[in-house]
Amino acid sequence: MNNFFSDFFRSHCIKGFLAHEEGIALYEHARRVAGVGPCLEIGSYCGKSSVYLGVACREMGNTLYAVDHHRGSEEHQPGEEYHDRTLFDARVQRMDSFPAFRHTLALAKLEETVVPVVASSALTLRHWQTPLGLVFIDGGHSPAMAMADATGWAAKLAPGGILCIHDIFESPNDGGQGPFLAMQAVLATGRFTTLRQVQTMAVLERRR
Ligand code: SAH
Ligand code: MG
């Protein structure tokens, strides 16, 4: 599988912010939770993480809900560090990564596995009922956003479900503290244990 993903990302240049090793970890955990519930990610961007999670879901007959309003995070806006002008829709003067995301789904043959949810995390959370097998949090990284996403979606995991949180930096010198503080809040509920950390991604398990 490692080779499949290496070949796929070598043949197709998919923009994104995820290390290969982190993607492989997502793939492995997504395969394992197939009997627990569907997978959901917050923050798909152009679909890099969605490919790792989606292929695992396809192999297991599971579903991935890929949530992103596709208007970009703070750092993707014009003038900011990670702005990509090719993902800017001049007609509405907003970011729009949805066309690129959809293209990635087609390339990876995931259109019968991944449900794109083009909406904010908060709006998607509002009426969400289905207990989830795995949640990957990689949306807004401000302390308030990261906290709302991690605590809100952690509550939707089924027992034995997996919560992955990206961009964990213990020291403020290495990066923003939002995701790290959010992870600590989730652990403080006593309902989760830490399984592992893969580069900047923490992997927690909802106690059974
Ligand atoms: N997981 C991606 C990178 C995600 S970048 C990868 O593997 O490359 C962060 C994404 O989160 C952006 O596309 C942005 O539009 C989205 N995002 C930010 N805040 C959000 C929110 N509140 N609800 C939904 N999506 C959000
Ligand atoms: Mg990230």
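Reply: What follows is a set of questions about a predicted model, each settled by setting a value against its cut-off.

Me: How do you know whether the size of the protein chain agrees with that of a compact globule?

Reply: A compact globule of 208 residues would have a radius of gyration near 17 Å, and the protein chain has 16 Å, so the two agree. Along the principal axes, the C-alpha atoms fill a box of roughly 45 × 35 × 35 Å.

Me: How much of the protein chain counts as buried?

Reply: Of the 208 residues, 50% count as buried, where buried means under 20% relative accessible area. The protein chain exposes about 10000 Å², with carbon and sulfur atoms supplying 51% of that area.

Me: Why is His103 called partly exposed?

Reply: His103 has a relative accessible area of 49%. Exposed means over 50% and buried means under 20%, with partly exposed in between, so His103 is partly exposed. His103 lies in helix α4, which covers residues 98–107. From His103 to Glu74 the separation is 29 residues in sequence and 24 Å in space, C-alpha to C-alpha.

Me: What makes a residue a donor of the magnesium ion (ligand 2), and which residues are the protein donors?

Reply: A donor is an N, O or S atom within 2.8 Å of the metal. Asp138 (OD), His166 (ND1) and Asp167 (OD) lie 2.0 to 2.2 Å from the magnesium ion, so these are its protein donors. Along the chain the donors follow the spacing D-x27-H-D.

Me: Which residues of helix α7 are buried, and what covers them?

Reply: In helix α7 (residues 178–188), the buried residues are Gly178, Pro179, Phe180, Ala182, Met183 and Val186. Their cover includes helix α6 (143–154), together with strands β7 (157–165), β8 (192–198) and β9 (201–206). Just after α7, Gly190 takes a positive phi of about 80°.

Me: What share of the contacts joins residues at least 24 apart?

Reply: Among contacts between residues at least 6 apart in sequence, the share is 70%.

How values were computed:
Residues numbered from 1 in each chain as written. Chains lettered and ligands numbered in written order. Predicted model: local features only at pLDDT ≥ 70, side-chain atom pairs only at ≥ 80, totals over all residues. Heavy atoms only, no water. Rg over C-alpha atoms; globule rule 2.2 N^0.38 Å. Buried < 20%, exposed > 50% of the residue type's maximum accessible area, 1.4 Å probe, protein only. Contact = heavy atoms within 4.5 Å. Areas by Shrake-Rupley, 256 points an atom, 1.4 Å probe, with all protein chains shown as cover. Helix = DSSP H or I, 4+ residues; strand = E, 2+ residues; numbered from the N terminus. Donors = N, O, S within 2.8 Å, 3.2 Å for Na, K, Ca; no water.
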